[in-house]
Amino acid sequence: MLRNRTVGNGLTFLTYLLTFIIFFPIFWMVLTSFKTEAVAFDYPPKLVFTPTLSNWNIALFETGFFKSLRNTLLIVAGSTSLALILGIPAAYALAYYPGKRADFTLTWLISTRMLPPVGVIVPLFIIFRDTGLRDTHLGMIIIYCAMNLPLVVWMMRSFFLDVPYEILEAGRIDGVSLWQEFRFIAIPLVTPGLFATALLCMIFSWNEFFFAFNLTVTDAAPLSVYISSFKTAEGLFWAKMSAGATAAVLPVVIAGWFAQRQLVKGLTMGAVK
Amino acid sequence: MSQASVLSGTVPEQERPKSVLPSLRRLLTTPALVFMIIVTQVPLLFTIAYSLQRWNLLRPQRRGFVGLDNFPRVLQEPSFWTIIRNTMTLTLSVVIITLVLGMILALLLNRTFPGRGIIRTMLITPFLIMPTVSAVLWKNVLFNPAFGLIGSAFALAGLPRPDILAHEPMIAVIIIIVWEWTPFMMLILLAGLQSLDMERVEAAQIDGADLIQIFRHILIPHLMRYIELAVLMEMLFILSVFGEIFVTTTGGPGIQTTNLSFGIYIEAFQRWDIGQASAMGIYAIILANVMLVVFIRVLRRGQDEGITT
């Protein structure tokens, strides 16, 4: 018994230790953002110092941060809404009124998600250049909508299937129209799932870099592209860089913390609950 | 009857007139499907078409149809094979390391201990962080040889400061991506562990099975489905890694850390060779599919053996 407790305490300690190591870079980034540039380069590295907001001020207000944030917000909101508008009716039909080709449709949707982005980037670049979609919000909204649409269909379908059949059946016996069934019976029952799905779309499009980097220049460049410009700021502006980086990830990290339970479902297209 | 049909994913259709159904179905699914065909399949056809052309955007007047010539031309370049080797090294190392680390963390988290919720939240955070932020953070604040945290830790221990990005660039890239993807493995394996019937484990313990036997004969067979899923998904994402490499090493030194994604980017948007880049894109799609098929086979076989022994 005593031995069991010692082993248990040891395992708990090991868990804390590993978590400390894995989380430390993030902790250090946040900490660095409150240092002065001089303190950020101190040796040995300082844990205790007088915090300053001056680098947050510079990172947020004296750089292109807000312009990129605005682009990210527009693209994320637009692509998520479009994916939901297109995806929810399809998921609804595939859940409640599947035809013979429903399985094929679902598999095909997944296969589009598995397509390596480099397999289509060259034609997308050329099409975008020739149609004027390059470096526009609309162009990025279209790309991210396509990236998230399979996820929306798969997840929303699994949420629709979780609705107890008796409820739908009762409605149909009462003679509700299809629209009423959708709007007043099904949608209220899947609202939590709907929010989780939207949240995941937001996380994926917020963090995406490859398409954003190749299909935008300045006008529509989102935060992920803005942050990548720090790759050459080596050695000089760590505190400012840390402040910008912390601000850029904060909304998604918080959203992800709240959506933890749905995260697994979303990452596996609803295969694991 | 109704319960069973809901579980199997089909709902009886007789409540609505049969003649309405096909048109209804079409009305609801067509917008999404047409959108996906235009945005994903049309570019794919264009990639195939471009791969059959000699087309450099810097010399557009020389554009012309060359049939399959681009495909052997790509294979004849020694750099292409280095790129393939880098892609495989990166993908396989990351998948194997994250699988082991993710398993350890999932087993540790599948217990009751104080602060479990907070620990779980902290552990998933690297996965939520934008890849370009992770890359910028590791490159500067951690790996920088003169001022970085890892260098300082070495110096405090009386050792010389290592310049990991310069001397072992591939290992540096692998470390960053492992850090980002370990939470993903952990989350899915943890979901698998939590779906395990603990009575089976207890029954085995009563029968005198030790921990290793329980791990091999109960845990692993049960988790196989989750492992398969997690590895498949992760592999597809790691094959397409781009941001981390672009930010930290720009594919270098030389092409030491150039993977297929980055190689195609260079071919298309630095050398502007649309034909050759498209042929490489086709190879990338083939490689993704081959890796998937091989992997599923290996896993299925392991799974069967695991159950029979």
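I began with helix H4 (residues 65-96) of chain A, which has 32 residues and spans 45 Å from its first C-alpha to its last, close to the expected 46 Å. Helices here are DSSP runs (H or I, at least four residues), numbered from the N terminus, and the expected span is 1.5 Å times one less than the number of residues. H4(A) has a kink of about 30° at A:Gly87, shortly before the proline A:Pro89; the bend is the angle between axes fitted to the seven residues ending at a residue and the seven starting there.

A note on provenance: this is a predicted model, where local features need pLDDT of at least 70, side-chain atom pairs count only at pLDDT 80 or more, and totals for chains, interfaces and linings use all residues. Residues are numbered from 1 along each chain as its sequence is written, while chains are lettered from A and ligands numbered from 1 in the order in which they are written.

Next I checked the contact between the chains, which takes 81 residues from chain A and 82 residues from chain B; two residues are in contact if their C-beta atoms, placed from the backbone, lie within 7 Å. On the side of chain A that touches chain B, helix H1 (residues 2-33) of chain A gives the most, with 13 residues.

I also looked up B:Leu189, which touches B:Gly102, B:Met103, B:Ala106, B:Leu223, B:Tyr226 and B:Ala230, not counting residues up to four places away in sequence.

Last came the domains: the assignment, automatic or from a database, gives domain 1 (2-57) and domain 2 (64-232) for chain A.

Technical notes: Helix = DSSP H or I, 4+ residues; strand = E, 2+ residues; numbered from the N terminus.
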